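Notebook open, structure loaded. I'm jotting down what I look up as I go.

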Amino acid sequence: MQLDLGSDPRTETLRRLQALLVQRFGRIERAAAEWRRPEWVLVQGVIGARTKSEVSNAATDRLLRRYGSWEEVAQAPLDDLQAELATQTYPNIAAERLKASLTALIERRGAVDLAHLAEMETLPAMRWLEQLPGIGRKIAAGVMNASTLDRRAIVLDGHHTRILQRMGLVPPKASTDRAFEAIMPVMPEEWDGGDFDEHHLLMKKLGQTSCRPASPDCAHCLALSLCKTGQARAGG
């Protein structure tokens, strides 16, 4: 006889957390259609390290406007790409990674084209993306979730992972890959790709306001009642 151990309590915690996040920050509309093409999302992710999303969005649009296609971006001299990406936090690294990833994609697909991902299951598609230079779990999940592919894949940046660790929802020193593996099985089953996207963006807001890296404002955090770290800090 198989015992019914019930659902993982972390799932209900995530539901309650999402309600609190929406109450505090409001709903978030998804990005405009031109910002949801898989190839656009990939480029934005590659150049976006430690840079505000709106800055990376503008830089991605600027590249496509100047060169006309991602294939032409791949052919551009590295110095030119570094100049175009001067607004990024790490422009030289961003340019090198972008050129490498686009070049590898062209070698594999004949063009900067990710249409084949629509025919693949989510995890195999993410692993395919992660074989490209500069593409880790965060960017791969972003391409699958935040684009028109609209998959149930949670994007974990530093803010999001930190909050999950502090709340005890993933192991305390989990890498992005390990955190992804730990949280995905307990994501609410009724959430679709859009819910995943909104949840990530709301968690990012929480990380930028209350749950900061060095000086979290636990006493006034909306997630205090759900957070092991916050309760320990506020109680102390």
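Predicted model: local features only at pLDDT ≥ 70, side-chain atom pairs only at ≥ 80, totals over all residues.

Which backbone oxygen does the side chain of T51 reach? I looked, and the T51 side chain gets to the backbone oxygen of A49, at 3.0 Å. I'm calling that a polar contact (N or O atoms within 3.5 Å; within protein, one able to donate a hydrogen and the other to accept it, with residues adjacent in sequence counting only if both atoms are side-chain atoms).

Numbering runs from 1 along each chain as its sequence is written, and side-chain values use heavy atoms, with hydrogens and water left out.

**T51 again.** I placed T51 in the loop between helix 2 and helix 3 (53–67); helices here are DSSP runs of H or I, at least four residues, numbered from the N terminus. T51 counts as buried because its relative accessibility is 14%, and the cut-off is under 20% relative accessible area with a 1.4 Å probe, protein chains only. Leaving out residues up to four places away in sequence, I find T51 touching S56, T87, Q88 and T89 (contact is heavy atoms within 4.5 Å).

**Helix 2 on helix 6.** I checked how helix 2 (residues 38–47) and helix 6 (residues 91–109) pack: the angle is about 145° and the axes are 8 Å apart. Axes are lines fitted to C-alpha atoms over the stretch in contact, with angles from 0 to 180 degrees between N-to-C directions. From helix 2 the contact uses L42, V43, V46 and I47, and from helix 6 A94, R97, L98, S101 and L102. I get 7 nonpolar, 1 polar and 1 charged among the residues of this contact.

Helix 6 has 19 residues and spans 26 Å from first C-alpha to last, close to the 27 Å expected at 1.5 Å a residue (that is, 1.5 Å times one less than the number of residues). I list its buried residues as A94, A95, L98, S101, L102, A104 and L105. They pack against several helices, including helix 3, helix 4 (70–75) and helix 7 (122–129). Just past the end of helix 6, G110 has a positive phi of about 85°.

**H200.** Last stop: H200, in helix 11 (residues 193–209). H200 has a relative accessible area of 8%, so I log it as buried. Its side chain makes a polar contact with the side chain of H160, at 3.2 Å. With residues up to four places away in sequence not counted, H200 touches I154, V155, D157 and H160.

Key:
Helix = DSSP H or I, 4+ residues; strand = E, 2+ residues; numbered from the N terminus. Nonpolar A, V, L, I, M, F, W, Y, C, P; charged D, E, K, R; others polar. Buried < 20%, exposed > 50% of the residue type's maximum accessible area, 1.4 Å probe, protein only.
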